[in-house]
Structures are given as C-alpha cells and as structure tokens.
Amino acid sequence: MTDQTPPTDEAYPRVTAVVATRDRPGLLERAVQAVLDQDYPGEVECVVVYDHCDIRPLDVRVPERGRTLSYVNNTHRQGLPGGRNTGADVATGELIAFCDDDDLWLPARLRRQVELLRARPDAAAASCGIRLQGPGIAKERRLDRDEVTLTDFLADRVMEVHSSTMLVRRTTWDAIGPVDEEIPGGYGEDYEWLLRVAAHGPVVIVPEVLVVVDWHGGSFFFGRWATIVDASRYLLAKHPELAGSRTGLARIHGQIAFALASGHRRREALRELVRVVRLNPAEKRVLVTLPVALGLLSGERVLSLAQRRGRGV
C-alpha cells in the first residue's frame, strides 16, 4: 500500500533564490513576487543583487512565514556572472536557484524540483520545461528525457535548460566553482557553467513547464559580433573536452563563422565554414551563414528572423 502521508516541511531544505538585476521596474517586481509566492513548503530566501546601480526597495508582498527578501550590491565584476556570484556568496540555503529579472517562476517550480532532487541523490542540479512568451510568440519547450548529461551538453547547448530553471545543490556549487567572470563580455557564461555542473553530475528534468521566459526578440549581445567570437574561442580553449563531440564542435565553430560574417569579417568566416563542413556537413549554421558571408543578408536580419520563431543562431 502506498504511503499517502504528505511530506513534512523538514523534507524541504532552505532555498536561496538569486535575482541579479540592473533594475527593471515592473518586471523585477513580477519576478521577485513569483519567487516569494512559490507553493514550496520550506524556507525561501530571495536575494536581489543590484549590478552597479543603486538599490531600490521593491513594492512586493513578503509572506510572514518562510520567506525573506534582501538586497545587496554586486561586489564582483560588473555583469551577470558577477551578480550571480555575489548572490551565491551571501546565500544561506542548501540549494541555490537563479531567476533572470524579466522571467517568471510558476508556483510549483521549487517544490517539484526539490522533490526530484530528493529522489535523485546522484544529480548535481535540476531543471524544468519553459514557455517562451513575448510579442508574437507563446511556445513551450520541454525535454523528452529525464536528465541531461555532460555528453548531451557537449553535443548541444540544450536551450530548455535555461538559467532561470536551474536549481543547484550548494555542494555542487562549492565543488565546481562560481560562474566564470573572465569569459569575454559574459557571453555564454551560462553554458560554460553548465558544462562544469554536468561534469559533476547529471541535471535532472522536471517534465512540466514551470518557468516563463521573457522572449522579446532582442538580446544584450545583438550585434556584438566580436564579443561572440572571442567568447566562443575562450570557451573552446577552456573546455578541451568539447573536441570530443564533432557535432558540438561544429555547432560552436558555426556560431563563430556566423558572428564573423555578421561583423563583416567575411574571409575569416568562409575559412571557419570550411572547418564546420569538415566536422559536420549537416550543421545548420552553414546555410544561415553563407548568405551573410556573401553579403546577401545582414546577421541582424537572420538573427531577428530566428528569434521570432523562438530560436537562436
């Protein structure tokens, strides 16, 4: 007979939710309120990290029991990696979760992920499905598997494992180290960190959509082509294990080729495309990069079209 006794609060360890921000009035309040309103039976500590801007107390409702809200300034390098690391520095929870300041957690996010981690002591972290929501798009992305391993991440970024879905054990964080603040421009910092997380243990997946990702069709890196090239090459140098996946290596070199072409470094882009074709002739970025390298389309136009369909390049 199955035990129907509901779990006690002691089964749910304290969670620290880190929200790093440059301050987006309205969106930030929405994100923080959703963290505080989780149906999680345990304690939730929400830390809002202001990234080199003045702290602004938020107009949100903090439940009297089991929830705390605090504000700190980023004491690390300016940018999202430094903001997340600052939040982790002051975190008191056994588990650490992240939420971008324009995203939204659905009420069951923490409860469902903690229950899954409790059932999977071998897991380093947990993720869940997402819903992309913005002008002209409302699209769900969920994985058809129960975990993502290092091998999976080497072959593909796995977009569904979004930073706003991550719940990581404090022991994992301490073992693998903080988010890399040296990566050029902070581009791809979430993927670089995921490679280290997955090297420590699998990322288990709650199949439901539990996070709404604000998909506004733009990006902080839109048009910053040189930064994308430098960061991608930094990633390849830091993680030589990426060379073990021809598919994954072709994907990253394809991104470099696209950024080179978009930045009008067309001869370099064509040389990079030759490498991509040798690694994986089926790599989709070959087809989207060629028109840009030939001057038929701009990189901004191609990226804008992809983002309207909930994709990147």
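This report walks through a predicted model, from a strand and its partners to a helix, a cavity and a pocket.

Let us start with the annotated region. The UniProt record, an unreviewed entry, places the feature "domain: Glycosyltransferase 2-like" at residues 17-170. In the model, the end C-alpha atoms of residues 17-170 lie 12 Å apart, and this span is 25% helix and 29% strand.

Strand S10 covers residues 203-214, and 9 of its 12 residues are buried, so the strand counts as mostly covered. Which strands pair with S10, and in which sense?

Trp-105 has Val-211 of S10 as its bridge partner.

Another strand, S2, spans residues 44-50 and includes Tyr-50. Is Tyr-50 buried or exposed? Tyr-50 counts as buried because its relative accessibility is 0%, and the cut-off for buried is under 20%. The C-alpha atoms of Tyr-50 and Val-72 are separated by 6.2 Å, although the two residues are 22 apart along the chain.

Helix H6 runs over residues 189-200. From the first C-alpha to the last, its 12 residues reach 17 Å, close to the 16 Å expected at 1.5 Å a residue. Like S10, H6 is mostly covered, with 9 of its 12 residues buried. The buried set includes the aromatic residues Tyr-191 and Trp-193, along with Glu-189, Glu-192 and Arg-196; Leu-194, Leu-195, Val-197 and Ala-198 are also in it.

H6 also matters for the next feature on our tour. How many cavities of 30 Å³ or more does the structure hold? There is 1 such cavity, and the largest cavity has a volume of about 80 Å³. H6 gives the most to its lining, with 4 residues. Glu-189, Asp-190, Trp-193 and Leu-194 are among the lining residues, and others include Arg-84, Phe-98, Arg-157, His-162 and Met-166. By class, the lining of the largest cavity divides into 6 nonpolar, 2 polar and 4 charged residues.

**The second largest pocket**

Finally, turn to the second largest pocket, which holds about 230 Å³ of space. Its lining consists of Lys-284, Arg-285, Val-288, Val-302, Leu-305, Ala-306, Arg-309, Arg-311, Gly-312 and Val-313. Two helices each give two or more residues to this lining: H10 (285-293) and H11 (299-308). Which element gives the most? That is H11, with 3 residues. Sorted by class, the lining of the second largest pocket has 5 nonpolar, 1 polar and 4 charged residues.

Definitions and conventions:
Residues numbered from 1 in each chain as written. Predicted model: local features only at pLDDT ≥ 70, side-chain atom pairs only at ≥ 80, totals over all residues. Heavy atoms only, no water. Buried < 20%, exposed > 50% of the residue type's maximum accessible area, 1.4 Å probe, protein only. Pairing = 2+ DSSP bridges. UniProt positions renumbered as here; feature names shortened; annotations may be inferred. 1 Å grid on protein atoms, 1.4 Å probe; cavity = no way out; pocket = protein on both sides within 12 Å on 5 of 7 lines; lining within 4 Å. Points joined across faces, edges and corners; volume = space filled by probe spheres on them. Nonpolar A, V, L, I, M, F, W, Y, C, P; charged D, E, K, R; others polar. Expected span 1.5 Å × (residues − 1).
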